[in-house]
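I opened my notebook for another look at a model today. Here are my entries, in the order I made them.

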Amino acid sequence: MLRSKTNTLVKIGFAMAMIASLTVASDMMSLSSSEPIFVVDQDKHLGEITIVQPEKYLNLAAVQDDASSGSKPAGGSTASDDDQPDHKHYNILSIDGGGIRGIIPTVLIQYIETESYAYARNMSYIKEDSRGIIEMKDLFDMVAGTSTGGLITTALVTPKEVNSKEAYNASFVMSIFEDKGAEIFKSQSINKGLLGIMITIMIMIGGVLGYRLGKNIFANQQVEDTNYKLRHYIKEAKKTAKHDDKMHDSETKTSALGSQLLKHMSVALTKKVEQIHYELIPEGQKLQELVESHDYWKIKEAERLLQEREGKYRESKQKKWIFCVFGLILGGALGYYIPVAVYYLGNSNYNRTVIDTYLKSFFGHAKVSDILTDECLIVAYSYNAQQPRFYSKYEVSKDPQIYDVGLDIAAGGSSAAPGYFDPKVFENGRGETEVLVDGGIIANNPSMYAFIFASEMNKKKNIRVVSIGTGQVKQPMIDPDNVSILTWVENLGDLIVDVEVTAHAYFTEFLAGKYHRYQVETELPLDAADGESIKALKKLGNNLLEQEKENLDILIRELVEERLSPKAKQTAK
């Protein structure tokens, strides 16, 4: 329950940070007076984007007419790359974030790798390769990813060895999820020895406090003192009453000495009576009347009643041990849950060292500038600098000290989901400490930013975006007549994540000429790395593959024809 509530809070905090993501996009797209403005050619289904300088921008309708006729407005320019043939798409593969659910896009990428090879071989476009795949770097110009998508991106663009032209493939990525996922997503646990000590201490404290509380409730020292005094008074009163009766029964008169003795005994007993608090004893008034009657048999009745009351008091007094036992149990429970709660609220769910070790061993030999594709985009956020980190060749060319980091660092920062993993902390080329957190707080679906980098930063045209999701959690329907704060607390985290993903997909589809989005619904959390969950995720991926197989096959043929056909090779020369 604690972990569930913690994860709910984590998702809410993680999701709230995404609200700023469209602001980031807006900043990237904002234009100064000397920068161009987008004008969309609606007649060509957003396939082309004409750019006009603001000072030349006089009439939107006129500009759109010029765009549709293929001519440029005066002073305008097209966002193109001179080396990019007009018929060739600039292909972007974009992969969402989603933890272990990265298995879903990996299934589709595996299919693209193997089926593109099969098609190319069938068409005699390539020679036989024992691996039986075509790498993504040979089909896509740019690969973009966030969080787990950033890890997959890193694998697909990183040379396996220094100076190698061969990258990791989807089967390698799948093996990481299957073989290392449970270890990576193994919950951190508190030291059992320290926890045992805390439990023991709290049990002792709970037992003592429970005993004292029970004693205060069921044991009363004044009552015990009163019973003790009354018991002794009754004993003496019995003797006096019995002696008095004997003297009254005797035919001889009481001597002066005997009368004086009885008087002194009566005075002594009266003083003792004054020290007894009858109000503390059940039926105390009745006892007082019986005892002070000076009648032997009435005093005997008072003795019997007192013994009965003392018996009930002793029985009630034993209930203090119930409080003692309850205190022991409560102390033990608090001794366990308080340290555990403090530990989990004060630490991330999973050990940062585990994932860092694997990333270092796989990708530590290469930097962002070493990627094998024309471009990449690994999304992270520098928390202390309060700036996004878009690790790409473009950013490396502008500021290598900040962006030309090890690919293990870029991937580690992109996947440092707040609450799940500690931030990725390292020293950049300027000697500054960078604190990177998950790129999902900017864009869990990085397709829009990938498009912006391709079209605006790298001046590419005819862009095609292939975007693969990691599973979307279906949101429960909200009853508009029964909405409360609790409703938003329970649903806000997932709601904002899904809104960000779908909003970015919408704008990418609007901006890009060709946009292919592959997504599936799931109820599995992003850290469900047990064996059964991994099987379920692979099944989800295969289900998505079956649903989209026809579209994927068309896409694969287009990718292969553009890149590997004789015509494509001739054009490239």
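This is a predicted model: local features need pLDDT of at least 70, side-chain atom pairs count only at pLDDT 80 or more; totals for chains, interfaces and linings use all residues.

Which residues is Leu93 in contact with, leaving aside its neighbours within four places in sequence? I found Ile109, Met136, Phe140, Met142, Val143, Ala144, Leu156, Val466 and Ile468; contact here means heavy atoms within 4.5 Å.

Residues are numbered from 1 along each chain as its sequence is written, and side-chain values use heavy atoms, with hydrogens and water left out.

Next I looked up the cores. A nonpolar core is a set of buried Ala, Val, Leu, Ile, Met, Phe, Trp, Tyr and Cys residues joined through side-chain atoms within 4.5 Å; buried means under 20% relative accessible area, with a 1.4 Å probe and protein chains only. The largest one has 77 residues, and Leu93, Ile109 and Tyr391 have the most contacts inside it. Helix H20 (residues 531-564) gives this core its largest share, 11 residues. Apart from it I noted another core of 22 residues, including Ala443, Tyr449, Ala454 and Leu511.

Then I turned to the helices, which are DSSP runs of H or I with at least four residues, numbered from the N terminus. In helix H18 (residues 447-457), 10 of the 11 residues are buried, so H18 is largely enclosed by the rest of the structure. Among the buried ones I listed Tyr449, Phe451, Phe453 and Glu456. Just after H18, I saw that Lys459 takes a positive phi of about 55 degrees.

H16 came next: eight of its eight residues are buried, so H16 too is largely enclosed by the rest of the structure.

How do H13 and H16 meet, and at roughly what angle do they cross? The axes of H13 (residues 352-363) and H16 (residues 407-414) come within 8 Å and cross at roughly 145 degrees; axes are lines fitted to C-alpha atoms over the stretch in contact, and angles run from 0 to 180 degrees between N-to-C directions. Arg352, Leu359, Lys360 and Phe363 of H13 make the contact with Leu407, Asp408, Ala411 and Gly412 of H16. I sorted these residues into four nonpolar, one polar and three charged, with Gly counted as polar.

Last, I checked the record. An unreviewed UniProt entry places "transmembrane region" at residues 193-211 and 321-345, and such annotations may be inferred rather than shown by experiment. Residues 193-211 are 100% helix, with end C-alpha atoms 27 Å apart. Residues 321-345 are also 100% helix, and there the end C-alpha atoms are 35 Å apart.

Note on methods
Helices (H or I, at least four residues) and strands (E, at least two) are DSSP runs, numbered from the N terminus. Buried means under 20% relative accessible area, exposed over 50%, partly exposed in between (1.4 Å probe, protein chains only).
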